[in-house]
Amino acid sequence: MTLEDIYKDFKEKDKAAENGGGEKAIAKQKKAGKQTARERINMLLDDDTFVEIDKFVLHDSHNYNMQNNRVPGDGVVTGYGKIDGRIVYVYAYDFTVYGGSLSRTNANKIVKIQKLALKNGAPIIALNDSGGARIQEGVMALSGYSEIFNNNVKSSGVIPQISAILGPCAGGACYSPALTDFIFMVRDESYMFVTGPDVVKTVTHEELTKEELGGASVHSSKSGVAHFVGNDEEETLMMIRELISFLPSNNMEDPPMTSTRDTNNRKTPDIHKLIPEDSNIPYDIKKLIEEVVDENYFFEVMPQFAQNVVVGYARMGGKPVGIVANQPAYLAGVLDIDASDKAARFIRFCDCFDIPIITFVDVPGFLPGRDQEHNGIIRHGAKIMYAYVEATVPKITLITRKAYGGAYVVMSSKESGADINLAYPNAEIAVMGAEGAVNILYRSSVGEDRQNALNEYKELFSNPYRAAEKGYIDEIILPENTRFKLIQALEMTANKTASNPPKKHGNPPS
Ligand code: HXC
């Protein structure tokens with residue numbers, strides 16, 4: 001063969017390797033409304049930046065005559081590329097090859113990429129579409145999962161790990177995403193379950209569709225497994241790009257600065273009109289957040305799950321911040337089990353990656369009742385406290401209205417370690433609301449006596465001054481100065497150094 005023939009042969013092999021499971025399987029994938037693994041990667045990354053590695057890897061399984069069906073790449077496409085000019089590592093399961101199932105061989109490819117991402121300090125993004133462990137391989141496939149999970153855990157808190165679910169994800173295919181930081185799903189096209197509808201029917205006699213069992217709507221609103229849902233694959237992948245824009249590449253890097261047209265001292269007068277005078281009337285905290293942040297843009301995380309707490313990213317003066325806020329417009333902003341889990345995990349992620357946290361507090365307390373108590377509100381609620389105390393990033397708190405009881409304490413109070421605590425003049429900081437307190441302190445009082453007791457309590461606690469007298473509130477601010485004051489506090493804490501006592505690791509409540 002001449003050198004030219006060798007090059008030609010290589011080009012043919014290279015092209016053939018991109019054909020995955022073949023035309024028929026690709027047509028089936030398309031018919032299901034899904035893109036191929038390489039199309040997805042190209043959609044996700046900046047144009048012409050994808051570098052594929054291990055394209056010619058073949059499985060070495062002999063069971064079920066599998067030697068006669070070996071596809072180059074073995075059903076997972078791996079490599080690296082760029083998002084907004086920054087390096088990311090990526091791997092995508094190819095459902096056209098053995099249903100995107102995990103073999104020991106393609107697990108090795110994933111492990112190689114995971115190790116490269118960790119060593120070189122860049123985010124890793126997994127595009128999942130997989131039937132789980134390759135059944136024909138038995139324990140070999142299981143060992144592949146073990147090693148992937150092992151790397152997921154080791155990478156946790158060092159590099160951002162992101163999972164997109166772009167088709168069915170069964171069995172082991174769910175656990176790697178569960179060990180990563182963020183899960184994205186596609187509406188009506190992606191499913192996650194440990195065991196599929198057939199197994200469920202056999203074991204529990206429940207008849208459920210894939211969507212009912214583990215569709216995007218279930219995982220984004222009920223189970224809390226998914227953080228984001230896109231309407232189609234393209235929107236989902238664009239959301240991943242957007243998330244990456246807020247994150248540093250690793251835990252040693254600062255979050256990326258962006259230039260902004262917004263001014264730091266912009267007044268926020270509309271907040272005054274947003275918060276009703278009667279503290280029992282709800283308002284939408286997201287409107288307040290949008291009023292305050294750069295260019296009014298807030299990128300919400302888990303918008304459908306535990307809506308009584310709002311978490312997400314925004315920028316202040318061009319710098320990414322994590323926002324945690326009670327939502328008075330949903331269950332009066334009360335903290336319950338799901339809200340506690342949601343907030344705590346978000347806080348811990350921000351802390352891992354040096355993203356300052358701004359907390360907006362308007363909370364009547366923890367949700368009372370048998371359901372919450374029996375399901376462990378005590379240990380779940382404790383997670384928020386643990387996460388805030390453990391976090392060494394700048395922590396700025398603003399009480400916009402109510403801050404009652406345990407919920408006041410856990411929502412980044414001064415003594416829990418917040419750096420700057422602000423409050424509006426209408427803030428109410430007390431063990432509980434006036435009605436509840438009078439019911440306990442003056443149980444038998446009625447009529448005028450009761451009204452006097454209510455007035456006395458409100459006089460004492462329906463303001464921020466008792467807390468300010470003790471230094472638990474650093475500054476009382478007007479709503480119109482909110483943006484400016486928060487940016488001042490962020491600037492003041494920008495070079496914060498703090499650390500926790502040396503330890504192997506803590507033992508957060510779970
Ligand atoms: C090998 C698999 C496979 C698997 C699917 N295929 N899953 N091959 N191992 N795990 C193959 C199918 O045989 C089929 O091949 C092709 O992929 C497409 O699958 P379909 O069933 O035709 O697709 P669809 O109807 O869309 O259904 C997708 C599915 C279903 C819901 C994922 O295939 C399914 O239920 N698969 C099994 C899921 C599962 O139980 N996996 C093992 C989990 S245990 P042909 O040749 O016909 O096109 C596990 C343990 C790990 O993962 C635990 C670690 C903690």
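How much of the chain over residues 263–492 is helix, how much is strand, and how far apart are the end C-alpha atoms?

1. Basis of the note. This is a predicted model, in which local features need pLDDT of at least 70 and side-chain atom pairs count only at pLDDT 80 or more, while totals for chains, interfaces and linings use all residues. Residue numbers start from 1 along each chain as its sequence is written.

2. The C-terminal annotation. Residues 263–492 are 40% helix and 20% strand, with 17 Å between the end C-alpha atoms. Helices (H or I, at least four residues) and strands (E, at least two) are DSSP runs, numbered from the N terminus. UniProt, in an unreviewed entry, gives this stretch the feature "domain: CoA carboxyltransferase C-terminal". UniProt positions are in the numbering used here, feature names are shortened, and annotations may be inferred rather than shown by experiment.

3. The N-terminal annotation. The UniProt record, again an unreviewed entry, lists "domain: CoA carboxyltransferase N-terminal" at residues 3–259. Over residues 3–259 the chain is 42% helix and 18% strand, and the end C-alpha atoms are 51 Å apart.

4. Helix H4. This helix covers residues 104–120, and its 17 residues reach 24 Å from first C-alpha to last, close to the 24 Å expected at 1.5 Å a residue. The expected span is 1.5 Å times one less than the number of residues. Buried residues of H4 include Arg104, Asn106, Ala107, Ile110, Ile113 and Ala117. A residue is buried if 20 or more other C-beta atoms lie within 10 Å of its own, exposed if 12 or fewer, and partly exposed in between, with C-beta atoms placed from the backbone. The cover over the buried residues of H4 includes S2, strand S3 (86–93), strand S4 (124–130) and H5. Just after H4 comes Gly121, with a positive phi of about 65°.

5. Ile148 in helix H5. Ile148 belongs to helix H5 and is buried, with 21 other C-beta atoms within 10 Å. Leaving aside neighbours within four places in sequence, Ile148 is in contact with Ala107, Ile110, Val111, Gln114 and Ser176. Contact here means that the C-beta atoms of two residues, placed from the backbone, lie within 7 Å. Ile148 and Ile110 are 38 residues apart along the chain, and their C-alpha atoms are separated by 7.1 Å.

6. Packing of H5 on H6. Helix H5 (residues 139–155) packs against H6 at an angle of about 10°, with the axes 9 Å apart. H5 is therefore roughly parallel to H6. On the H5 side the contact is made by Tyr145, Ile148, Phe149, Asn152 and Val153, and on the H6 side by Gly172, Tyr175, Ser176 and Leu179. Axes are lines fitted to C-alpha atoms, for helices over the stretch in contact, and angles run from 0 to 180 degrees between N-to-C directions. Angles under 35 degrees count as roughly parallel, over 145 as roughly antiparallel, 65 to 115 as roughly perpendicular and the rest as oblique.

7. Gly171. This glycine lies in the loop between strand S5 (161–170) and helix H6 (172–179). Gly171 counts as buried because it has 21 C-beta neighbours inside 10 Å. Apart from neighbours within four places in sequence, Gly171 is in contact with Gly132, Ala133 and Val194.

8. Helix H10. The 14 residues of H10 (residues 233–246) should span 20 Å at 1.5 Å a residue, and the end C-alpha atoms are 21 Å apart, which agrees. Which residues of H10 are buried? They are Glu233, Thr236, Leu237, Ile240, Leu243, Ile244 and Phe246. These residues cover an arc of only 160° around the axis, so they sit on the same side of H10. The arc is that of the directions from the helix axis to the C-beta atoms.

9. Positive phi values. Most residues other than glycine have a negative phi. Asn65 has a phi near 60° and is found in the loop between strand S1 (51–53) and strand S2 (76–83). Asn65 is exposed, with 8 other C-beta atoms within 10 Å. His205 has a phi near 65° and is placed in the loop between helix H7 (197–204) and helix H8 (210–214). His205 is exposed, with 7 other C-beta atoms within 10 Å.

10. Thr493. This residue is in the segment after helix H20 (482–492) and is partly exposed, with 16 other C-beta atoms within 10 Å. Not counting residues up to four places away in sequence, Thr493 touches Pro356, Pro394, Asp419 and Ile420.
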